[in-house]
Amino acid sequence: MNYEKFFSDELKSLKSQGLYRKFREINRERSTFPKALERDGEKERQVEVWCSNDYLNLSQHPAIVNETIKVTQELGTGSGGTRNISGTSSYHADLEKTLAELHKKDASLIFPSAYTANQSTLWTLCKKMQGIEIYSDELNHASMIQGIKNANVNVHIFRHNDVEHLEELLKTSNANTPKMIVFESLYSMEGLRSPIEKIIWLAEKYNALTYLDEVHSVGLYGPEGRGIAAEQGVSDKIDIINGTLSKSFGQLGGYVAANSDIIDFVRSFAPGFIFTSSVNPSIVASSIKAIKLAKKADHLRREIKFNSDQIRAGLRNLDIPFIENDSHIIPILIKDPLLCKDAANLLVDKHGIYIQPVFFPTVPKGDERFRVTITPKHNAKDIQNFLNAIDDVWTEMHLERVDSDKKVVNLNR
């Protein structure tokens, strides 16, 4: 085999389809955000960020920054090993207690990322539970899909948020077969919520475990930002909750929360936990501080909702196609990878608006889009500038707009 030709041809094919990814170097300076500095070689320019997952700006909060510095000076920059080999500090133990309390669970387990938490936990559960059948929403995150695939178990894919289809699939299973329903509370590329209560009802009816990804929900919804399951009063009925420290809490890492036996089971059998160096103590300590601050941040959550509603109203007035939802995520549809990239380049080059084009495999081919997220640091002037820029780019590139009598796009799958 000509290895060099293989890799070169694969990359050429990716580029010809418009699916090759380029990374912009963005330095989000605390003093100026949402303005940031983009570096391109030796050149720098100011841009405005409209696609950050640091939803509450907590990565830049002075108390959290100071906590990071304090613990780094106390314990150094690294953890020193895996959790089993000198890598468990008192901060790690305290964070796991904090996360368990956040979700009203017995215990939790932290991982270096929410991707690892999903992949490793699902793989471990599937491999150890002989004959288990998985029922997975078709739009589940890649980390969940990969964990299930790696386990090589029987998987049933149900149509997105379609509980009738889910029940049709559940009915075909033997009553004695172990089952698990895997889904998200808020889907990050659509900004749509899942019918959690209905899924729980089906899980109880067919004796299935529930595994809920709250990555884009925790910190932003529910009492004290405990997530959408808590907002609906059903956290106690979810068996396993996955979350992240790197979005609303502005730090790094992921976790699962559940009853003590499930968490101890994952801790004892998951290779992705056992053989991975633990998260740095400074990050763990900062996460504790961030969770405490997020619990008291109702005013920030209100600002995000208000700002998101303002953007949606502006897009309707401009006949820009987007997916209607009631979340902080606003997907603007372009439906072509090359046009999506060109529009992103024009936005940043002409207007200083930085938003990353989203295309396959993050979304299906033909569903290319911008995924807009706003933070409390964006103000009314920023929103108006953003809408003006979007309108100008749509006009200059002759991009498709929606009919005047249909201001929004509803996602039907």
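Analyst: A residue counts as buried when its relative accessible area is under 20%. Keep that cut-off in mind. The model is predicted.

Begin with one residue as a test of the term. Ser136 sits in strand 5, which covers residues 133-137. Its relative accessible area is 3%. Ser136 is therefore buried, since the limit is 20%. What is Ser136 in contact with, once neighbours within four places in sequence are left aside? The partners are Ile148, Val155, His156, Ile157, Phe158 and Val182.

Now the chain as a whole. Its secondary structure comes to 14 helices and 16 strands. The radius of gyration is 22 Å, close to the 22 Å that the globule rule gives for 413 residues, so the chain is as compact as a globular protein of that length. Along the principal axes, the C-alpha atoms fill a box of roughly 60 × 55 × 55 Å. Of the 413 residues, 54% count as buried. Consider the contacts with a separation of 6 or more: residues 24 or more positions apart account for 71% of them.

Next, the spaces. Rolling a probe the size of a water molecule over the atoms shows where empty space is left.

Take the largest pocket. Its volume is about 1400 Å³. The lining has 49 residues. Closest to the centre are Asn53, His141, Ser188, Met189 and Thr362. Which elements give two or more residues to this lining? They are helix 4 (114-128), helix 5 (142-151), strand 11 (240-244) and strand 15 (357-358). By class, the lining of the largest pocket divides into 21 nonpolar, 17 polar and 11 charged residues.

The second largest pocket has a volume of about 520 Å³. It is lined by 21 residues. Lys22, Phe23, Arg24, Glu38 and Asn345 lie nearest its centre. Strand 2 (35-40), strand 3 (43-49) and helix 13 (337-351) each give two or more residues to this lining. Helix 13 supplies the largest share, with 4 residues. The classes in the second largest pocket are 6 nonpolar, 3 polar and 12 charged.

How many cavities of 30 Å³ or more does a search of the whole structure find? The search finds 1. About 60 Å³ of space lies in the largest cavity. Its lining is made of Arg83, Ile110, Phe111, Pro112, Gly272, Phe273, Thr276, Ser277, Ser278 and Val279. The lining of the largest cavity has 5 nonpolar, 4 polar and 1 charged residues.

Last, the cysteines. A disulfide needs a pair of cysteine sulfur atoms within 2.5 Å. By this rule the count comes to 0 disulfides. Cys340 is in no disulfide, and the nearest cysteine sulfur, that of Cys51, is 11 Å away. Is Cys340 buried or exposed? Cys340 is buried, with a relative accessible area of 0%. Cys126 also counts as buried, at 3% relative accessibility.

Definitions and conventions
Residues numbered from 1 in each chain as written. Predicted model: local features only at pLDDT ≥ 70, side-chain atom pairs only at ≥ 80, totals over all residues. Heavy atoms only, no water. Buried < 20%, exposed > 50% of the residue type's maximum accessible area, 1.4 Å probe, protein only. 1 Å grid on protein atoms, 1.4 Å probe; cavity = no way out; pocket = protein on both sides within 12 Å on 5 of 7 lines; lining within 4 Å. Points joined across faces, edges and corners; volume = space filled by probe spheres on them. Nonpolar A, V, L, I, M, F, W, Y, C, P; charged D, E, K, R; others polar. Rg over C-alpha atoms; globule rule 2.2 N^0.38 Å. Contact = heavy atoms within 4.5 Å.
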